[in-house]
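Here is a short report on one structure. Please look over the chain and the ligand first, then read on.

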Amino acid sequence: MIEEETGASSELQEKESLADQDIAVSLRPGEITEYIGQDRVVETMNIAIEAALQRQEPLEHILFNGPPGLGKTTLAHIVAHEMGTRIITSSGPALEKGGDLMGLLTHLEKGDIFFIDEIHRIPKIVEEFLYPAMEDFAVDFIFDKGMHARTHRYRLEQFTLIGATTRSGLLSSPLRERFGIVRDLDFYNETDLVRIIKRSASILGITIDEKGAHETATRARGTPRVANRLLKRVRDYAQVKAKGHITKEVAIDALTLEGIDEYGLGETDRKLLQTIILNYKGGPVGIEALAATLQLESDVLIEVVEPYLLKIGFIIRTSQGRRASEKAFRHLKIPFKEKPDTQGLFEDMREK
Ligand code: ADE
């Protein structure tokens with residue numbers, strides 16, 4: 001696999017430190033057999049890859065959807081590795097103009113994987129160039145304007161587009177429909193996170209016992225990227241305070257010091273729950289009002305902060321906004337008062 005990087009990285013990715021990115025790259029599984037978890041996704045991708053290789057054809061276009069840190073980019077690199085092709089990467093926000101996309105598309109070689117991270121952030125006018133590129137492997141150049149306008153259809157090599165998104169609900173239907181394979185990535189279970197932590201510990205030369213790995217996994221928000229980040233913090237703590245060996249107690253002490261509680265919630269999560277409970281009487285509260293109170297971008301709340309809180313049932317999404325659950329009240333040790341008008345009514349999981 002040959003990797004080519006193009007375009008700026010996204011705003012959300014920039015929130016990750018450089019050190020985290022280095023670690024993420026070195027710990028990232030390179031082959032499909034090393035990939036832990038997401039069993040159905042892996043199995044179906046394995047079949048699609050093997051079938052395409054047998055037919056000596058490029059893969060169909062693929063869309064990976066799911067919260068940040070679950071391995072969408074990793075899977076795209078693995079697909080390229082398994083297909084023995086190049087991967088050319090870009091991201092929705094980096095593709096500002098039609099020309100940005102054209103430049104990349106026209107340089108693709110047969111079988112190349114073209115990876116677009118955060119594909120839901122592609123501007124509408126750029127997205128429209130993608131339709132013929134995906135469907136007919138062609139782009140339409142337009143010369144002149146008005147009554148003298150002429151188009152020239154430029155043929156592209158047959159490539160595979162892999163899109164990654166945290167918000168598949170924001171993709172237009174014409175774009176979504178052009179992906180032959182759509183896979184949703186879900187949060188990892190504890191068993192898989194323990195395996196990932198042990199694998200990472202072994203790569204980094206860290207000694208961690210079973211209970212230490214377990215404790216780190218339970219606080220990793222179902223997310224390998226978080227698990228690897230926590231492992232690094234625990235490693236530092238163990239090195240300085242516990243002769244380098246990670247036990248359950250070392251993991252608890254290190255992560256408590258980091259402000260990460262037994263559910264894996266950090267300062268931002270607790271502030272979000274406290275705001276719903278204390279400022280909005282438990283909710284429902286609209287996402288924009290919540291974001292304004294917390295001084296966060298609503299996209300960050302929706303894409304990064306709330307998915308795990310929804311997953312563990314601390315937040316409930318209703319047609320009128322977000323509500324804190326009884327579990328969330330209990331976790332923050334705030335007495336729960338039931339509100340009959342909002343309890344369980346209007347539950348609505350639609351993408352907002
Ligand atoms: N590191 C990060 N994600 C991983 C995964 N799914 N499998 C193995 N190692 C990983």
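Predicted model: local features only at pLDDT ≥ 70, side-chain atom pairs only at ≥ 80, totals over all residues.

Asp144 counts as partly exposed, at 47% relative accessibility. Residues are numbered from 1 along each chain as its sequence is written, and side-chain values use heavy atoms, with hydrogens and water left out.

**The hairpin and its turn**

Asp144 sits in the loop between strand 5 (138-143) and strand 6 (150-155). Helices (H or I, at least four residues) and strands (E, at least two) are DSSP runs, numbered from the N terminus. The two strands pair in the antiparallel sense over six bridges. Pairing requires that DSSP finds at least two bridges between two strands. Asp140 has Arg153 of strand 6 as its bridge partner. The hairpin has six residues between its strands, and there Asp144 takes a positive phi near 60°.

**Other backbone features**

Gln38 is not a glycine, yet it has a positive phi of about 50°. Its place is the loop between helix 2 (18-27) and helix 3 (39-55). Gln38 is buried, with a relative accessible area of 12%.

A cis peptide bond runs from Gly283 to Pro284, with omega near 5°. Pro284 belongs to the loop between helix 12 (267-279) and helix 13 (287-294).

**The ligand site**

Which residues are around the ligand? They are Leu27, Pro29, Glu34, Tyr35, Ile36, Tyr188, Ile196, Arg199, Pro224 and Asn228. A residue is near a molecule if one of its heavy atoms lies within 4 Å of it. By class, this shell has seven nonpolar, one polar and two charged residues. Here Ala, Val, Leu, Ile, Met, Phe, Trp, Tyr, Cys and Pro count as nonpolar, Asp, Glu, Lys and Arg as charged, and the others, Gly among them, as polar.

| Residue | Protein atom | Ligand atom | Distance |
|---|---|---|---|
| Ile36 | backbone N or O | nitrogen | 2.9 Å |
| Tyr188 | polar side-chain atom | nitrogen | 3.4 Å |
| Arg199 | side-chain N or O | nitrogen | 3.2 Å |

Taken alone, the ligand exposes 260 Å², and the protein buries 94% of that. Accessible areas come from the Shrake-Rupley method with a 1.4 Å probe; for residues, only the protein chains shown count as cover. Helix 8 (190-204) and helix 10 (224-241) are the elements that give two or more residues to the shell. Domain 1 (11-184) and domain 2 (190-257) each supply at least three shell residues. The domain bounds come from an automatic or database domain assignment.

**Pairs apart in sequence**

Ser90 lies in strand 3 (residues 87-91). It counts as buried, at 6% relative accessibility.

Glu82 lies in helix 4 (residues 72-83). Glu82 counts as partly exposed, at 26% relative accessibility. Glu82 and Glu31 are 51 residues apart in sequence, and 7.0 Å apart in space, C-alpha to C-alpha.

Technical notes. Polar contact = N/O pair within 3.5 Å; in protein donor to acceptor, adjacent residues only side chain to side chain. Buried < 20%, exposed > 50% of the residue type's maximum accessible area, 1.4 Å probe, protein only.
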